[in-house]
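Biologist: Could we go through this model together, with the terms stated as we reach them?

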Amino acid sequence: MKLDALPPLALYVHIPWCVRKCPYCDFNSHERAGTLPENEYVARLMLDLEGLLPSVWGRRLISVFIGGGTPSLFSPGAIDTLLSGVRARMTLEPGAEVTLEANPGTVEAARFRGFRDAGVNRISIGVQSFDERMLAALGRIHGPGEARRAIEAAAESFDNVNIDLMYGLPGQTAAMARADIEEAARAGVAHISAYQLTIEPNTAFWSRPPPLPEHDACADMQLVAEEILDRGGYEHYETSAFAKAGRRCQHNLNYWEFGDYLGIGAGAHGKISFRDRITRHERAKQPREYLVASNTLVGERIVPPAELPFEFMLNALRLVEGFPLVLFEERTGLAPAILEKALQQAEQAGLLERDWKRVRPTARGQRFLNELLALFLSGETPGPAPDAPGAGRVIRISSPASR
């Protein structure tokens with residue numbers, strides 16, 4: 001493989017603590033016990049970043065995403081120190097998107113203003129539902145009133161706000177899912193992520209599965225979400241992502257278009273391209289181990305070229321518009337001809353359509369994304385790939401701890 005040019009570069013920062021671990025959550029999150037070690041953790045993050053700098057000299061960041069866990073548990077001062085440290089070590093593109101995840105139960109208006117002053121320009125709020133019963137079933141620490149107040153407070157400080165919603169929840173009816181989507185659309189935020197709850201290994205729900213709506217009912221909920229949000233002026237641009245004009249999430253798009261990203265923080269993953277290879281790195285997961293380790297890097301590997309077609313497709317086929325065929329060669333350094341057999345099979349199955357310039361999933365392919373992606377699997381075991389913020393769950397490989 002050979003890359004003629006390097007892809008865009010983003011930064012993912014993981015803050016692993018939360019107030020209470022949700023029973024469905026399989027991200028690297030840990031319940032807070034006592035005072036958070038903000039200063040020590042930010043200092044450790046800067047050491048991570050400095051260790052990566054030789055691999056990305058001269059490259060600029062197009063976005064920063066601070067995810068978790070619950071990053072809004074950190075004070076605005078700590079976030080300011082973090083972002084100041086990033087800017088002191090790397091150059092951000094003008095207008096770079098800087099996102100911070102927040103839970104409604106951990107923020108108020110003053111903290112939002114502090115995050116804005118620190119350099120955050122996009123807030124992602126984990127609402128999940130506006131229904132008291134659904135929030136209780138999900139183990140969330142906030143209620144509907146707190147969710148509404150958090151959205152209002154965020155809108156006072158930011159013009160770029162995302163709401164995360166889930167459907168297919170324990171005991172949820174079609175009418176309840178519709179009410180959630182309608183309320184989110186009425187809020188008029190810039191971006192909405194709506195994704196189906198799935199039961200993941202190593203979660204409380206995996207051990208004690210709750211009764212969930214049938215598959216067909218969940219599919220109907222997805223169709224209702226698409227219909228309501230389309231009427232509300234949102235474009236459906238990715239499996240689970242809906243945006244007002246000009247408000248697509250740039251950080252997530254970089255994942256889906258197989259761009260590069262540095263991963264710093266407990267359990268974070270990253271991807272860095274060089275002219276002749278693509279590498280992935282992984283950090284120590286446990287916060288205690290992470291804070292005291294002489295080197296937080298616990299895994300680094302070159303991605304074998306045989307794995308790159310699937311890794312690329314795992315991301316790019318989530319995009320409703322698909323991708324220009326030339327992007328495959330630009331981001332993997334491989335000739336598009338190696339995709340031909342799988343592309344033909346996908347076309348024949350009605351899962352994909354293409355012309356000489358662009359490849360895109362059909363409506364059927366969007367509904368049966370697992371089946372479409374499986375056609376691009378080789379006999380190799382693929383490496384880590386991002387589970388992007390707000391993304392619906394399909395074939396799982398590994399997660400950089402982002403949402």
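This is a predicted model: local features need pLDDT of at least 70, side-chain atom pairs count only at pLDDT 80 or more; totals for chains, interfaces and linings use all residues.

Biologist: Against which elements do the buried residues of helix 6 pack?

Modeller: Helices (H or I, at least four residues) and strands (E, at least two) are DSSP runs numbered from the N terminus, and buried means under 20% relative accessible area, exposed over 50%, partly exposed in between, with a 1.4 Å probe and protein chains only. In helix 6 the buried residues are M176, A177, D180, I181, E183, A184 and A185. They pack against strand 6 (122-128), helix 4 (132-137), helix 5 (144-157), strand 7, strand 8 and helix 8.

Biologist: Which elements are included in the cover of the buried residues of helix 8?

Modeller: The buried residues of helix 8 are C218, M221, Q222, V224, A225, E226, I228 and L229. Their cover includes strand 7 (161-167), helix 6 (174-187), strand 8 (191-196), strand 9 (235-238), strand 10 (241-243) and helix 14 (363-367).

Biologist: How many Å does helix 8 reach from its first C-alpha to its last?

Modeller: The expected span of a helix is 1.5 Å times one less than its number of residues. For helix 8 (residues 215-231), which has 17 residues, that expectation is 24 Å, and the span in the model is close to it, at 25 Å.

Biologist: Is A190 buried or exposed?

Modeller: A190 is found in the loop between helix 6 and strand 8. Leaving aside residues up to four places away in sequence, A190 touches D159, N160, V161, Y234, F242, A243, K244 and R247. Because its relative accessibility is 8%, A190 counts as buried.

Biologist: Which bond joins G68 and G69?

Modeller: Most residues other than glycine have a negative phi, and most peptide bonds are trans. G69 is found in the loop between strand 4 (61-68) and helix 2 (76-89). With omega at about 20 degrees, what joins G68 and G69 is a cis peptide bond.

Biologist: What is the relative accessible area of F258?

Modeller: F258 is found in the loop between helix 9 (250-256) and strand 11 (260-265), and its phi is positive, about 60 degrees, although F258 is not a glycine. F258 is buried, and its relative accessible area is 2%.

Biologist: And what is the relative accessible area of Q128?

Modeller: Q128 is found in strand 6, and its phi, near 70 degrees, is a positive value in a residue other than glycine. Q128 is buried, with a relative accessible area of 4%.

Biologist: What is the radius of gyration of the chain?

Modeller: The chain has 15 helices and 17 strands. The radius of gyration is taken over C-alpha atoms, and the globule rule is 2.2 Å times the number of residues to the power 0.38. For 403 residues that rule gives 22 Å, and the chain is close to this value and so as compact as a globular protein of that length, with a radius of gyration of 20 Å.

Notes
Residues are numbered from 1 along each chain as its sequence is written. Side-chain values use heavy atoms; hydrogens and water are left out. Contact means heavy atoms within 4.5 Å.
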